[in-house]
Amino acid sequence: MKALSLTLIACLFVITAAAQNATEGVEKKITKINALYPSFEQEFRLSPVTTWSYRAGFNISLAYGDFYSYDNSFFGSTSHVEYFEFLPTAEVNYRWYYRLLKRQEKGRKTINNSAGYFFAEADVVTPGIKLQTVNNDGLHDVISGIYAGWGFRRTIGKKITIDLNLRYSLLMRNVEETAFSNIIPGFKVGYRIK
């Protein structure tokens with residue numbers, strides 16, 4: 001974990017230092033509201049190709065059906081799950097838009113930082129609000145995560161943004177359990193208000 005953290009910090013420093021000589025680049029500030037995960041997000045320019053951002057809002061999940069699990073004795077157990085859940089979330093991102101300047105040189109649309117990017121992210125998901133709950137599994141857990149991944153953003157018109165990304169994460173539940181995840185896809189639709 002220590003080696004991974006030091007590697008990420010070194011990469012971010014080199015990328016930021018190498019990008020200091022460009023004259024165009026990312027927008028200075030983007031403020032938007034996201035629809036699928038109701039949230040408020042702001043993104044700020046650090047250099048011509050890097051930004052940092054924060055997001056505060058809710059992650060939403062819906063579960064219905066039977067959940068099957070197996071323990072070490074190879075005997076399965078079944079539990080029925082029905083809930084709609086709101087999870088208050090806060091996250092901070094660092095993004096490096098690796099092809100943004102080339103897109104601008106070719107005259108392509110880069111409004112709202114429409115380009116591919118690599119990112120590092122940290123987030124905290126607090127205990128949620130479950131509606132129509134049959135069981136209370138995981139209701140009182142605090143989950144935090146550190147993510148690294150790749151994504152791209154496209155803009156429809158001048159205000160609507162679509163972000164697609166793939167991320168790999170280190171997740172911690174109540175600071176007691178730690179686990180690496182599989183590759184997680186992400187999808188956000190936002191509306192720029194400033």
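The model is a predicted one. The protein chain holds two helices and 10 strands, and 37% of its 194 residues count as buried.

**Overall architecture**

- Read from the N terminus, the elements of the protein chain follow the order α-β-β-β-β-α-β-β-β-β-β-β.
- Among contacts in the protein chain with a separation of 6 or more, 58% are between residues 24 or more positions apart.
- The protein chain has an accessible surface of about 11,700 Å², and carbon and sulfur atoms account for 64% of that area.

**Nonpolar core and Tyr-117**

- The largest nonpolar core consists of seven residues: Val-26, Tyr-97, Leu-100, Ala-115, Tyr-117, Phe-119 and Tyr-147.
- In soluble globular proteins, nonpolar side chains tend to be buried together.
- Beyond its neighbours within four places in sequence, the core member Tyr-117 is in contact with Arg-95, Trp-96, Tyr-97, Tyr-98, Gly-149, Trp-150, Gly-151, Phe-152, Arg-153, Asp-163, Leu-164 and Asn-165.
- One of these partners of Tyr-117, Tyr-97, also belongs to the largest nonpolar core.

**Trp-96 beside Tyr-117**

- Trp-96 is located in strand E4, which covers residues 76-96.
- The C-alpha atoms of Trp-96 and Tyr-117 are 5.3 Å apart in space, although the two residues are 21 residues apart in sequence.
- Trp-96 counts as partly exposed because its relative accessibility is 24%, whereas buried residues lie under 20%.

**Arg-55 in strand E3**

- Arg-55 belongs to strand E3, residues 50-70.
- Its relative accessibility is 5%, and Arg-55 is therefore classed as buried.
- The side chain of Arg-55 forms a polar contact of 3.3 Å with the side chain of Ser-39.
- With neighbours within four places in sequence set aside, the residues in contact with Arg-55 are Asn-34, Tyr-37, Ser-39, Phe-40, Glu-41, Thr-89, Ala-90, Glu-91 and Lys-188.

**Nonpolar surface patch**

- Ile-33, Phe-40, Ile-156, Ile-160, Tyr-191 and Ile-193 make a nonpolar surface patch of about 520 Å².
- Phe-40 links two of these topics, as a member of the patch and as a contact of the buried Arg-55.
- Ile-193 lies in the segment that follows strand E10 (184-192).
- Ile-193 counts as partly exposed because its relative accessibility is 40%.

How values were computed. Residues numbered from 1 in each chain as written. Predicted model: local features only at pLDDT ≥ 70, side-chain atom pairs only at ≥ 80, totals over all residues. Heavy atoms only, no water. Patch = residues over 30% accessible without salt bridge, like charges linked within 9 Å, V, L, I, M, F, W, Y side chains within 5 Å. Areas by Shrake-Rupley, 256 points an atom, 1.4 Å probe, with all protein chains shown as cover. Salt bridge = Lys/Arg side-chain N within 4 Å of Asp/Glu carboxyl O. Helix = DSSP H or I, 4+ residues; strand = E, 2+ residues; numbered from the N terminus. Buried < 20%, exposed > 50% of the residue type's maximum accessible area, 1.4 Å probe, protein only. Polar contact = N/O pair within 3.5 Å; in protein donor to acceptor, adjacent residues only side chain to side chain. Contact = heavy atoms within 4.5 Å. Core = buried A, V, L, I, M, F, W, Y, C linked by side-chain atoms within 4.5 Å.
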